[in-house]
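Work through these exercises with the sequence and the model side by side. Try each task before you read its solution.

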Amino acid sequence: MRLDLHQDTTAPRDVVWDVLTRWEEQPRWMLDAKEVHVTSAHREGVGVELRCPTNLLGVTVQDLMRVTRWEEGRVLEVTHLGRIITGTGAFELSDLPDGGTRIGWWEEVDAPLGALGEWGARLVALPVIRRIFRRSLANLAARAEAEAAGHV
């Protein structure tokens with residue numbers, strides 16, 4: 001199951017990146033994240049490991065992640081390693097002509113229970129998750145804009 005969303009913001013890319021990679025602050029803008037804990041010794045670059053209790057359709061599941069691609073200020077990709085949430089996702093930041101940033105967020109996750117799970121995920125979960133992720137992206141953009149304006 002793939003989800004691919006974009007959000008434009010007036011905030012410059014470096015500000016968006018800073019907000020994005022302040023791990024413990026992600027629940028302030030990411031609606032489904034209850035907490036984020038860095039479980040690796042380092043906090044930047046490939047190999048950072050995270051544990052995030054996540055609200056998945058009303059049930060809390062542990063989303064365990066490892067950063068698998070880190071292009072400073074541009075790409076943050078993780079592999080989901082949990083028992084329920086598996087797959088890959090990324091944030092991709094690109095410059096807009098006006099000095100703002102286009103934030104891309106994609107997730108390609110494996111639905112549990114094979115074909116039956118995939119069918120249920122597409123029918124029930126995907127529309128709900130899409131709305132949550134859209135709102136989360138809008139929150140990320142607003143937070144970055146406030147920070148760029150010196151309001152945070």
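**Exercise 1. The order of elements**

Read along the sequence: what pattern does the protein chain follow?

*Solution.* The pattern is β-α-β-β-β-β-β-β-α. Count the letters: the protein chain has two helices and seven strands. Helices (H or I, at least four residues) and strands (E, at least two) are DSSP runs, numbered from the N terminus.

Before you go on, note the ground rules. This is a predicted model, where local features need pLDDT of at least 70, side-chain atom pairs count only at pLDDT 80 or more, and totals for chains, interfaces and linings use all residues. Residues are numbered from 1 along each chain as its sequence is written, and side-chain values use heavy atoms, with hydrogens and water left out.

**Exercise 2. The sheet**

Find the order of the strands in the open sheet.

*Solution.* Step one: trace the order, which is β1-β7-β6-β5-β4-β3-β2. The seven strands pair in the antiparallel sense. Two strands pair if DSSP finds at least two bridges between them.

Step two: look at the edges. β1 and β2 stand there, each with a single partner strand, so one side of each has no neighbour in the sheet.

Step three: go through some of the pairings.

- β1 and β7 run antiparallel over eight bridges. His6 stands opposite Gly104 in β7.
- β6 and β7 are antiparallel too, over ten bridges. Here Thr88 faces Glu108 in β7.
- β4 and β5 are joined by six bridges and run antiparallel. Trp70 stands opposite Leu76 in β5.

Step four: inspect the hairpin of β6 and β7. Five residues lie between the strands, and Gly99 takes a positive phi near 95°.

**Exercise 3. Buried or exposed?**

Decide how much of the protein chain is buried, then check β7 and α1.

*Solution.* Start with the cut-offs. Buried means under 20% relative accessible area, exposed over 50%, and partly exposed in between (1.4 Å probe, protein chains only).

Now the whole chain. Buried residues make up 44% of its 152 residues.

Next, β7. Seven of its ten residues are buried, so β7 is largely enclosed by the rest of the structure.

Last, α1. Six of its eight residues are buried, so α1 is largely enclosed as well. The buried ones are Arg13, Val15, Val16, Trp17, Val19 and Leu20. α1 lies across β1, β4, β5, β6 and β7, at about 150° to β6. Axes are lines fitted to C-alpha atoms, for helices over the stretch in contact, and angles run from 0 to 180 degrees between N-to-C directions.

**Exercise 4. The core**

Which residues have the most contacts inside the largest nonpolar core?

*Solution.* They are Trp23, Phe91, Ile103 and Leu140, in a core of 36 residues. A nonpolar core is a set of buried Ala, Val, Leu, Ile, Met, Phe, Trp, Tyr and Cys residues joined through side-chain atoms within 4.5 Å. Among the elements that each supply at least two core residues are β1, α1, β7 and α2. The largest share, seven residues, comes from α2.

**Exercise 5. The surroundings of Trp23**

Locate Trp23 and list its contacts.

*Solution.* Trp23 lies in the loop between α1 and β2. Trp23 is buried, with a relative accessible area of 2%.

Leave aside neighbours within four places in sequence. Trp23 is then in contact (heavy atoms within 4.5 Å) with Val36, Val38, Arg43, Val48, Leu50, Val67, Trp70 and Leu76. Take Val36: 13 residues along the chain from Trp23, with 6.0 Å between the C-alpha atoms.

**Exercise 6. Ring pairs**

How many aromatic pairs does the structure hold?

*Solution.* It holds five. Rings of Phe, Tyr and Trp (its six-membered ring) pair if their centres lie within 6.5 Å; planes under 30 degrees apart count as stacked, over 60 as edge-to-face and the rest as tilted.

The centres are 6.4 Å apart and the planes at 45°, a tilted pair. The pair links residues 47 apart, with Trp70 in strand β4. Trp70 is buried, at 16% relative accessible area.

Now test Trp105 and Phe133. Their ring centres are 4.1 Å apart and their planes at 5°, so the pair is stacked. Trp105 lies in strand β7 and Phe133 in helix α2, so the pair ties together parts 28 residues apart in sequence. Both residues are buried.

Finally, look for a cluster. Ring pairs link Trp29, Phe91, Trp105 and Phe133 into one.
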